[in-house]
Amino acid sequence: MALTLMQCRPCRLLGWEELKDGRCVVLRPKFGTSRVGQWLARRLVNPHYQIHLDEIGAFVWKACDGDTSVGTIVERMRIVFGARIEPAEARVDEFIQTLVRAKMLDLTHNC
């Protein structure tokens, strides 16, 4: 039996910082995580691309802790954001799939 995305427990693969207003900045290494990439990054003032997430994206990002299922994230989003998040499943599905394709989240260890 295959698991659906709603049963998966996504896990963040990149570092991040939380801003004072609760939004997040995801830090993607400019040269990757290889030895050469890390060596090059040490020579830069800012070795990361900064990806700024809005409040909804930040909510999902913070919940992707490897323990919380996508279905639980959707339920919690409905409580916090109400009707403005609808259609919640479709929005979260699309956002998480985008982050997985960008190698920012991992589903393979949990699905």
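1. Which residues in α3 are buried? They are V70, G71, I73, V74, M77 and F81, where buried means under 20% relative accessible area, exposed means over 50% and partly exposed lies in between, with a 1.4 Å probe and protein chains only. These residues cover an arc of only 155° around the axis, which puts them on the same side of α3; the arc is that of the directions from the helix axis to the C-beta atoms. On the other side of α3, E75 and I79 are exposed.

2. Basis of the note. This is a predicted model, in which local features need pLDDT of at least 70 and side-chain atom pairs count only at pLDDT 80 or more, while totals for chains, interfaces and linings use all residues. Residues are numbered from 1 along each chain as its sequence is written, and side-chain values use heavy atoms, with hydrogens and water left out.

3. Overall layout. The protein has 4 helices and 5 strands, and along the sequence they follow the pattern β-β-β-α-β-α-α-α-β. Helices (H or I, at least four residues) and strands (E, at least two) are DSSP runs, numbered from the N terminus. Of the 111 residues in the protein, 34% are buried. The exposed surface comes to about 7100 Å², of which carbon and sulfur atoms supply 54%; accessible areas come from the Shrake-Rupley method with a 1.4 Å probe, and for residues only the protein chains shown count as cover. Among contacts between residues at least 6 apart in sequence, 60% join residues at least 24 apart, contact meaning heavy atoms within 4.5 Å.

4. Helix α3, continued. α3 has 12 residues and reaches 16 Å from its first C-alpha to its last, close to the 16 Å expected at 1.5 Å a residue. The expected span of a helix is 1.5 Å times one less than its number of residues. The cover over the buried residues of α3 includes α2 and α4. Just after α3, G82 takes a positive phi of about 65°.

5. Helix α4. This helix (residues 88–101) has 14 residues and reaches 20 Å from its first C-alpha to its last, close to the 20 Å expected at 1.5 Å a residue. Its buried residues are A88, V92, I96 and L99. Seen down the axis of α4, the buried residues fall within an arc of 60°, so they line one face of the helix. The face turned away from the buried side carries the exposed residues E94 and R101. Among the elements that cover the buried residues of α4 are α2 (55–63), α3 (70–81) and β5 (105–106).

6. The core. The largest nonpolar core has 25 residues, of which V60, W61, M77, V92 and I96 touch the most other members. The elements that give two or more residues to this core are β3, α2, α3 and α4. A nonpolar core is a set of buried Ala, Val, Leu, Ile, Met, Phe, Trp, Tyr and Cys residues joined through side-chain atoms within 4.5 Å. Leaving aside neighbours within four places in sequence, M77 is in contact with I56, F59, V60, G82, I85 and V92. As a general background, nonpolar side chains in soluble globular proteins tend to be buried together.

7. The β2–β3 hairpin. Strand β2 (residues 15–18) and strand β3 (residues 24–29) run antiparallel and are joined by 4 bridges; two strands pair if DSSP finds at least two bridges between them. The two strands form a hairpin with 5 residues between them, and G22 in the turn has a positive phi of about 95°.

8. Residue G15. G15 is found in strand β2 and stands opposite L27 in β3. At 40% relative accessibility, G15 counts as partly exposed. Apart from neighbours within four places in sequence, G15 is in contact with V25, V26 and L27. G15 and P29 are 14 residues apart in sequence and 9.0 Å apart in space, C-alpha to C-alpha.

9. Backbone details to check by eye. The peptide bond from E86 to P87 is cis, with omega near 0°, and P87 is found in the loop between α3 and α4. K103, in the loop between α4 and β5, has a positive phi of about 60° although it is not a glycine. K103 is exposed, with a relative accessible area of 61%.
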